[in-house]
Amino acid sequence: MLETELVEGARKEEKLVFYTTMELPQTIEVVRDFVQKYPFLGIVLHPLEGETLVKKVQEEARSGIPTWDVLLGGGGLLQPLLDANLVVSYHSPQRQAVSDALNDSQGYWSGYYINPYVLGYSTTLKEEETPKSYDQLLEPRWKGNRIAIDSTAHGLLRGLTAAWGEDKAVAYLKRLAEQQPVMARASITAVDSLHTGDVAMVIARAPVIQGYKKKLQSPIDWVSLDPVAAQIDAVMLSAQARSPNAARLFIDFVLSKEGQSALASVQQIPVRRDMEPRSKPAFQSQKWFVERPDKHVNFQATVRLFREIFRIQ
């Protein structure tokens with residue numbers, strides 16, 4: 001369908017309902033640019049935690065009254081929506097600029113940005129004190145509330161399992177749990193504890209750390225540990241969208257250079273081959289173990305195992 005046809009269809013629909021697991025300040029930045037381009041569309045935005053988003057979509061499907069048009073979320077969490085045929089294929093023309101590894105060949109999802117887990121640290125640490133490997137996090141000096149960890153970082157377990165095998169990954173994380181880390185509710189909460197000086201280091205998503213560093217001039221930085229565990233955050237179109245034209249227009253926008261530039265401005269890592277990340281370009285040379293929405297293995301079991309390891313209630 002031509003863009004002019006999508007625009008005319010979207011004008012009649014008048015609004016777009018958008019579900020997302022993306023941090024709200026970053027979402028608002030991208031949505032703002034979209035609305036500036038298409039001011040005739042009203043956006044109804046629902047920021048939700050991952051599991052809550054999936055449950056809400058499933059409940060709406062059971063009730064027969066779906067409300068969402070497009071969603072953005074990460075990793076294997078979205079597999080149940082694919083299994084239940086709650087999303088529909090859409091081959092956006094902008095997908096051609098995105099690596100095949102970050103796209104579903106059938107068009108049910110398109111990679112929107114990449115969320116790698118990295119080690120954030122206070123720049124008050126001396127260079128020689130800063131850990132450069134996973135093993136160095138197990139040193140006795142980091143025991144007892146010195147490290148904060150995003151309690152939703154299940155992707156870390158899946159990434160390390162892909163790299164090392166489950167036995168080694170679980171054994172390592174159990175040793176890390178013995179360091180008595182602070183388990184924060186989300187990446188932004190974990191990074192905030194580093195920003196305020198409550199902890200010396202944090203394991204969290206790189207874009208959140210970079211956002212604090214840039215916008216708040218926080219005395220923090222980050223380093224990637226090898227292997228890098230990351231998840232693809234994907235954009236999907238509802239199979240029962242009430243505003244399908246507006247939804248397709250939104251997907252085209254967020255995958256375009258314009259939309260990806262808005263994403264990069266809030267420290268996210270773009271997925272287009274013709275764009276460089278604005279922070280840590282050397283990151284691209286690392287070997288990443290990426291969690292795709294359609295390649296998870298028993299996602300809920302992984303979540304339970306991660307929570308058991310770190311004794312998360």
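Q: Where does proline 227 lie?
A: Proline 227 is in the loop between strand E9 (220-223) and E10. Helices (H or I, at least four residues) and strands (E, at least two) are DSSP runs, numbered from the N terminus. This is a predicted model, where local features need pLDDT of at least 70 and side-chain atom pairs count only at pLDDT 80 or more, while totals for chains, interfaces and linings use all residues. Residues are numbered from 1 along each chain as its sequence is written, and side-chain values use heavy atoms, with hydrogens and water left out.

Q: And the peptide bond from aspartate 226 to proline 227, cis or trans?
A: That bond is cis, with omega near 5°.

Q: OK, switching to H1. Which of its residues are buried?
A: In helix H1 (residues 3-13), Leu6, Val7, Gly9, Ala10 and Glu13 are buried; buried means under 20% relative accessible area, exposed over 50%, partly exposed in between (1.4 Å probe, protein chains only).

Q: Why do they line one face of the helix?
A: Looking down the axis of H1, the buried residues fall within an arc of 170°, so they line one face. The arc is that of the directions from the helix axis to the C-beta atoms.

Q: How many residues are in the largest nonpolar core?
A: There are 29, and Val30, Val70, Tyr112 and Val254 have the most contacts inside it. A nonpolar core here is a set of buried Ala, Val, Leu, Ile, Met, Phe, Trp, Tyr and Cys residues joined through side-chain atoms within 4.5 Å.

Q: Which element gives the most to this core?
A: H9 does, with eight residues.

Q: What does tyrosine 112 touch?
A: Leaving aside neighbours within four places in sequence, tyrosine 112 has contacts that include Met22, Val30, Leu72, Val254 and Leu263. There's also a second, separate core of 28 residues, with Trp142, Ile147, Leu160 and Ala229 among them.

Q: New topic: how do H5 and H11 cross?
A: The axes of helix H5 (residues 154-164) and helix H11 (residues 299-309) come within 9 Å and cross at roughly 105°. Axes are lines fitted to C-alpha atoms, for helices over the stretch in contact, and angles run from 0 to 180 degrees between N-to-C directions. That makes H5 roughly perpendicular to H11; angles under 35 degrees count as roughly parallel, over 145 as roughly antiparallel, 65 to 115 as roughly perpendicular and the rest as oblique.

Q: Which residues make the contact?
A: H5 brings His154, Leu157 and Arg158, and H11 brings Phe299, Thr302, Val303, Leu305 and Phe306.

Q: And which residues of H11 are buried?
A: Phe299, Thr302, Val303, Phe306 and Ile309. They cover an arc of only 130° around the axis, which puts them on the same side of H11.

Q: Last one: what's the phi of glutamine 217, and is it buried or exposed?
A: Glutamine 217 has a positive phi of about 50° although it isn't a glycine. At 64% relative accessibility, glutamine 217 counts as exposed.

Technical notes. Contact means heavy atoms within 4.5 Å.
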